[in-house]
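Colleague: Please take me through this model, one topic at a time.

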Amino acid sequence: MSGIDPARLERLSTHFDRYVEDGRLPGWLAVVHRDGETHTECSGRRDIDAGAPVEEDTLWRIYSMTKPITSVAAMMLWEEGHFELKDPIARWLPEFADMRVFRGGAMAKVVTEPALEPITVWNLLTHTSGLTYGFHHTHPVDALYRERGFEWASPPGLDLTACCAEWARLPLLFQPGTEWNYGVSTDVLGRLVEVISSQSLDEFFAARVLGPLGMVETGFSAREADHGRLAALYTPDPETGRATRSPMSVAAMRPPEFLSGGGGLVSSAADYLRFTRMLLGGGELDGVRLLSPRTLRLMASNQLPGHADLEAFGRPLFSETTFDGVGFGLGFSVVEDPVAGRYPSSAGEFAWGGAASTAFWVDPAERMVVLFFTQLLPSSTYPIRSQLHQLVHQALVD
């Protein structure tokens, strides 16, 4: 590959094979794409019990790597003039009018006050809405989400419309726009896409994003004929640290009631590479343009006030690494200061990852896309993403 020492790149495989050999990971797949050339490596098992190996066509639950796809979908509608980023979402989703904000108290006696500003589309794209996730376990409002059945899944019988109605009844963590917190903002953004487009989220994705890009193996579930290619889901054993099959492995094996724009997609490495190559190409791939280069530059620019990083502006983050020097754009994290994070990256690199330890980044300065897939929940278990940066960048020699 252009500008990459193949002997040094072998260190990537040597390192992550240690995770497989000692049982911390069931298996993994990594992709490095630079200057039109692609290098793919994989190792271990997609299903330990079945003895099935990780292969290049393995399917993965990408969880929050769904978020950039939903964000791109929303910005395609923005480019058509359907909304402005400052527009209140209550214009289309009236259940989010007159929101209440947490002021104090415990779960049983939460005290709230009126929101001073409405939640805007920009708040959803930047995770500054005040919405949260039940799995955070750091705040009384997180507990209210869990009480309603929102932790790692949604309550049975609720579709996206019903889930939004439930979230709108719960208080926000903070006044919109005043902090950053990872939560269901992108799921609500997916509902906004549905209302504006008059299509369900899976229909919009298929017609406007996945279909045009040729992402034929990406969807909200794996087809029955492809269940054998879908990697099993694992969690670390609390005593041994070894990857142990999760009951949530059944997730994504049938079409869901809740179309989660924040975490619901299944994809392959080849498919997601096409999506990230489109991002690297300024919104275009193989003659198909989804976004203008200027829109993508806006999305990949740090939107946090004063160019703050997530460590300064965000709540405690669900991640295996800190976010020093990393801000947030419209659907992606964005590197502002490569030195602050203490691992190699480039200013302007934009990225995100998924709860099962998947990750990607797009590095325009290095003309490069890197993807990593495994199925270990949660992603905060091991420092895979920082190590991946370390191993890829030490192989760059031009």
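Modeller: At 16% relative accessibility, Ala252 counts as buried (buried means under 20% relative accessible area, exposed over 50% and partly exposed in between, with a 1.4 Å probe and protein chains only). The model is predicted, so local features need pLDDT of at least 70 and side-chain atom pairs count only at pLDDT 80 or more, whereas totals for chains, interfaces and linings use all residues. Residues are numbered from 1 along each chain as its sequence is written, and side-chain values use heavy atoms, with hydrogens and water left out.

Colleague: Where is Ala252 placed?

Modeller: Ala252 is in the loop between strand E8 (243-245) and strand E9 (266-268). Helices (H or I, at least four residues) and strands (E, at least two) are DSSP runs numbered from the N terminus. The phi of Ala252 is positive, about 75 degrees, although the residue is not a glycine.

Colleague: Which phi value does Tyr63 have?

Modeller: Tyr63 has a phi near 45 degrees, again positive in a residue other than glycine. Tyr63 belongs to the loop between strand E4 (59-61) and H2, and counts as buried at 12% relative accessibility. Most residues other than glycine have a negative phi, and most peptide bonds are trans.

Colleague: And the peptide bond from Leu377 to Pro378, cis or trans?

Modeller: That bond is cis, with omega near 5 degrees. Pro378 is in the loop between strand E16 (368-373) and H11.

Colleague: Back to the loop between E4 and H2: is Thr66 buried or exposed?

Modeller: Thr66, which lies in that loop, is buried, with a relative accessible area of 0%. Not counting residues up to four places away in sequence, Thr66 touches Ser260, Gly261, Gly262, Gly263, Gly264 and Leu265; contact means heavy atoms within 4.5 Å. A polar atom of the Thr66 side chain lies 3.4 Å from the backbone nitrogen of Gly264. A polar contact is a pair of N or O atoms within 3.5 Å; within protein, one must be able to donate a hydrogen and the other to accept it, and residues adjacent in sequence count only if both atoms are side-chain atoms.

Colleague: How many residues has the largest nonpolar core?

Modeller: The largest nonpolar core has 93 residues, and Phe96 and Leu279 have the most contacts inside it. Such a core is a set of buried Ala, Val, Leu, Ile, Met, Phe, Trp, Tyr and Cys residues joined through side-chain atoms within 4.5 Å. Helix H2 (residues 67-79) gives the largest share of this core, seven residues. Apart from it lies another core of 25 residues, including Leu12 and Trp361.

Colleague: What is in contact with Leu279?

Modeller: Leaving aside neighbours within four places in sequence, Leu279 is in contact with Val72, Leu296, Phe332, Phe350, Phe360 and Val362.

Colleague: Next topic. Which residues of helix H5 are buried?

Modeller: In H5 (residues 160-169), the buried residues are Leu160, Cys163, Cys164, Trp167 and Ala168. They cover an arc of only 140 degrees around the axis, which puts them on the same side of H5; the arc is that of the directions from the helix axis to the C-beta atoms.

Colleague: What covers them, and what caps the N-terminal end?

Modeller: Helix H4 (140-147) and helix H6 (185-197) are among the elements that cover these buried residues. The cap is Asp159, with a side-chain oxygen 3.2 Å from the backbone nitrogen of Thr161.
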